[in-house]
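Dear colleague,

Please find below the sequence and the structure that I am handing over to you. My findings follow directly after them.

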Amino acid sequence: MKIVFMGTPDFAIPSLDILLKNNYEISAVVTAPDEPKGRGYKLTPPPVKIFALKNNLNVLQPENLKDENFIKQIKSISPDLIVVVAFRILPREVFNIPPLGTVNVHASLLPKYRGAAPINWAIINGEVETGVTTFFINERVDTGNIILQKKVKIDPDETAGELHDKLAILGAETLLETVKLIESGNVKTIPQDESQATSAPKIKKEMCQINWLNKTSIQVHNFVRGLSPQPGAFTFLNGKLVKIYRTKLVEEPDLVENIKVLEPGQLIAKKDKLYAICADLKPVQIIEIQIEGKKKLTADEFLRGYKLKPEDRFEVLNEEDLKSFLKNKSSA
């Protein structure tokens, strides 16, 4: 069985690797074009390309998936199956090429969390369970008939990065089982229940500000871990952008007993620990923090180098000021 594999980020590598280790013929790997990155804007290949070249695979990097030459290339390969893991939206002209169909591995229990950022949104929304789904691609994004689903627990302090790595492995295992079913002719599918559908849109920079004024301690904790390590939840302290990568929910009633007034965003240092007050006037403990231009620090490292003043608060910029700040930062 000839397979064309399509994927770009690290998440896709275990899936490609497991197909190779099980001796499937990967006729081509389709991935995104190289992108300029870093201070020198050096052209950098995507992770899947690096892995594919190390394994002597044929790599295609089309700018436009509707380009006639690209479509001719795929048709000339005559794949039996196309496998898609963390790639772009395919046009009908491409996903209809293989006789056995085009299969996608999605990092959620579809129809929940259709879209570009299912891992992030599952954690942000406080889900305790998620998983992976394999399905046949059709014209509507993430709506095709389900082949297999595998579930996994989300731990209370688990970050998006940690869950990402767990689901990448589970996705690969589920893909292998899926491909074997398709190869044997024993694949059965079920339609998605549209009444259960939810979306997981791409996360933009302006969506990552922590709103201490209207988010409870649990919501802040979920928000931080759902955006960690990338793109990273942020707030402001004395006009500087501060990223927070890890927090902890705490039950310490004596922490605030001597404080007359509690306000959202208020910072409290107790020995080597740092806390921030949320909208429900409960604290979250800050575990990892990074002020712009500085390296990531644990809270105790931060407190050793930063003298916290009684008036210090994490600030929340309004929509207009936030857009202006981010625009100026990107153009600097």
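Pro 231 is placed in the loop between helix H7 (217-226) and strand E10 (233-237). In this predicted model, the peptide bond leading from Gln 230 to Pro 231 is cis, and its omega is near 0°. A cis peptide bond also joins Leu 110 and Pro 111, with omega at about 15°. Pro 111 belongs to the loop between strand E7 (102-106) and helix H5 (118-124).

The loop between E7 and H5 also holds Tyr 113. Although Tyr 113 is not a glycine, its phi is positive, at about 60°. Tyr 113 has a relative accessible area of 7% and is therefore buried, the limit being under 20%.

Asn 238, in the loop between E10 and strand E11 (240-249), is a residue other than glycine with a positive phi, near 50°. Its relative accessibility is 47%, so Asn 238 counts as partly exposed.

I turn next to a pair of helices. The axes of helix H1 (residues 13-21) and helix H6 (residues 160-184) come within 8 Å and cross at roughly 40°; H1 and H6 are therefore oblique to each other. Their crossing is right-handed. On the H1 side, the contact involves Pro 14, Ser 15, Ile 18 and Leu 19. These meet H6 residues including Ala 168, Ile 169, Gly 171, Glu 173 and Val 179.

With kind regards

Note on methods
Residues are numbered from 1 along each chain as its sequence is written. This is a predicted model: local features need pLDDT of at least 70, side-chain atom pairs count only at pLDDT 80 or more; totals for chains, interfaces and linings use all residues. Side-chain values use heavy atoms; hydrogens and water are left out. Axes are lines fitted to C-alpha atoms, for helices over the stretch in contact, and angles run from 0 to 180 degrees between N-to-C directions. Helices (H or I, at least four residues) and strands (E, at least two) are DSSP runs, numbered from the N terminus. Angles under 35 degrees count as roughly parallel, over 145 as roughly antiparallel, 65 to 115 as roughly perpendicular and the rest as oblique. A crossing is left-handed if the near helix is turned anticlockwise from the far one by less than a right angle, and right-handed if clockwise. Contact means heavy atoms within 4.5 Å. Buried means under 20% relative accessible area, exposed over 50%, partly exposed in between (1.4 Å probe, protein chains only).
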